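Dear colleague,

Please find below the structure I would like to hand over to you, followed by notes on what I found in it.

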Amino acid sequence: MAQVHEGDAGAGQPALEISGVSYELGDGRELFRDLALELKAGETVAVTGSSGSGKSTLLSCVLGLQRPRSGSIRVAGAEVAALRGRQLAEFRRSRLGMVFQFGELLPELSPTDNVALAALLAGHGRKRSYRRAAALLGELGVPAAATTDRLSGGERQRTAVARALVNSPALLLADEPTGALDAAARDKVAELLFTMPSRFGCAVLVVTHDLDVAARADRVLELRDGQLTADAGAPIGRVA
């Protein structure tokens, strides 16, 4: 099936480049220490780790919702910490896609309305927004429904993936995207997520407790003691 769109990290830049990032909690506990990670367009990375290790905080920092004490986080070549207010919101809508554990869809709206709304908020015209929404939902196998709450859990998560992709992001983030699904739906959504780079040209960063889901990624890293480590336990820095 033809691709609906392709992401673009832009000007040869990595989709995500984290360098020297340190982050402290309010009680002074250091959550990250000199963290480093690089994702290229077309690459998938899964981050695992125990509860409280900082997986969701890492995504929040990439989104610009929380700011590290030091270091640099660049998405598609842009320094996230340098963006504020409306500029940051517009950057998120155009360059980042986010899939949450529970989808965070508007249940009273149809799947098409949920996806098109994200495009409308990004400033795209109504006709284009609905055309792209319908095409994405069709490609991702989401059936027509009057309201999203009539979909199964897996269908709702596929709708959430379509919404995250509608504005052609350079980087797709997912926070425990299969955590609320049964085994069959989990496998389908996980398979879908990790095919997004080859189908749409973006990079994908997933945080998950589920090692079976994580194993589908190109690389699996563990966030432990403030560092990202590979299976062998060696710290992971930039990846060429």
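K55 lies in helix α1, which spans residues 55-63, and in this predicted model K55 is buried, its relative accessible area of 6% falling under the 20% cut-off for that term. Leaving aside the neighbours within four places in sequence, K55 is in contact with V47, T48, G49 and S50, and also with E176, V207, T208, H209 and L223. With one of these residues, H209, there is a polar contact, made between the side chain of K55 and the side chain of H209 at 3.5 Å. I would also point you to D175, which is 120 residues from K55 in sequence, although the two are 8.3 Å apart in space, C-alpha to C-alpha.

The other place is the pairing of helix α3 (residues 111-121) with helix α5 (residues 153-165), whose axes come within 8 Å and cross at roughly 25 degrees. Because angles under 35 degrees count as roughly parallel, α3 is described as roughly parallel to α5. As for handedness, the crossing in which α3 passes α5 is right-handed. On the α3 side the contact is made by P111, N114, V115 and A118, while α5 contributes T159, A162 and R163.

Terms used. Residues numbered from 1 in each chain as written. Predicted model: local features only at pLDDT ≥ 70, side-chain atom pairs only at ≥ 80, totals over all residues. Heavy atoms only, no water. Axes fitted to C-alpha atoms, helices over the stretch in contact; angles between N-to-C directions. Helix = DSSP H or I, 4+ residues; strand = E, 2+ residues; numbered from the N terminus. Parallel < 35°, antiparallel > 145°, perpendicular 65-115°, else oblique. Left-handed = near helix turned anticlockwise from the far one by under 90°. Contact = heavy atoms within 4.5 Å. Buried < 20%, exposed > 50% of the residue type's maximum accessible area, 1.4 Å probe, protein only. Polar contact = N/O pair within 3.5 Å; in protein donor to acceptor, adjacent residues only side chain to side chain.
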